[in-house]
Amino acid sequence: MVYRVWNFITNYSLLLILGAGIALVWANLDPKAYHAIVDYPLWKNSPIGVLVEEDGKMIREITPHWLVNDIFMAFFFAIAAKEVWEAVILREGSLRGKKAMTPLFATAGGMLGPISV
């Protein structure tokens, strides 16, 4: 029974949706506490990371915010691109022919909409 529930949760990305909802509520109810966690420096004076000013000089820090935006999102989009590429290219791919039109239009709208705004 537990396996079925966990399988349902992971298949429909409910943990991602739940986490996004919690972060949204938390960021709006207590922005200072939210940013204290998200912008907490994990590694100061690192060779990569976000550029911040400290004691009159500029240093780089690795924060959870930087990790998610610059590292984890790059991996996410790389995996998503691989999945779409396989679905379009492979003979048995799920996005072959006319089935590809809806995702392609949605992708184009997702890119062109923010560009036009």
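Strands β2 and β3 form a hairpin with two residues between them, and Asp 55 in the turn has a positive phi of about 55 degrees. Helices (H or I, at least four residues) and strands (E, at least two) are DSSP runs here, numbered from the N terminus. The model is a predicted one, in which local features need pLDDT of at least 70, side-chain atom pairs count only at pLDDT 80 or more, and totals for chains, interfaces and linings use all residues. Residues are numbered from 1 along each chain as its sequence is written, and side-chain values use heavy atoms, with hydrogens and water left out.

Let us stay with the strands for a moment. Strand β2 (residues 50-54) pairs with β3 in the antiparallel sense over five bridges; two strands pair if DSSP finds at least two bridges between them. Leu 51 stands opposite Arg 60 in β3. Strand β3 (residues 57-62) also runs antiparallel to strand β1 (residues 43-44), joined by two bridges, and Trp 43 has Ile 62 as its bridge partner in β3.

Glu 61 sits in strand β3 too. Is Glu 61 buried or exposed? With a relative accessible area of 8%, Glu 61 is buried; buried means under 20%, exposed over 50% and partly exposed in between (1.4 Å probe, protein chains only). Not counting residues up to four places away in sequence, Glu 61 touches a set of residues including Trp 43, Lys 44, Val 50 and Val 52, where contact means heavy atoms within 4.5 Å.

Now to the helices. Helix α2 (residues 14-29) packs against helix α3 (residues 31-38) at an angle of about 120 degrees, with the axes 5 Å apart. That makes α2 oblique to α3: angles under 35 degrees count as roughly parallel, over 145 as roughly antiparallel, 65 to 115 as roughly perpendicular and the rest as oblique. Axes are lines fitted to C-alpha atoms, for helices over the stretch in contact, and angles run from 0 to 180 degrees between N-to-C directions. Among the residues that meet are Ala 23 and Trp 26 in α2, with Tyr 34 and Ile 37 in α3.

A search of the whole structure finds two aromatic pairs, listed here.

| Aromatic pair | Centre to centre | Angle between planes | Class |
|---|---|---|---|
| Trp 26 and Tyr 34 | 5.3 Å | 90 degrees | edge-to-face |
| Phe 76 and Phe 77 | 5.0 Å | 70 degrees | edge-to-face |

Rings of Phe, Tyr and Trp (its six-membered ring) pair if their centres lie within 6.5 Å; planes under 30 degrees apart count as stacked, over 60 as edge-to-face and the rest as tilted. Trp 26 is partly exposed at 33% relative accessibility, and Phe 76 is partly exposed at 47%.
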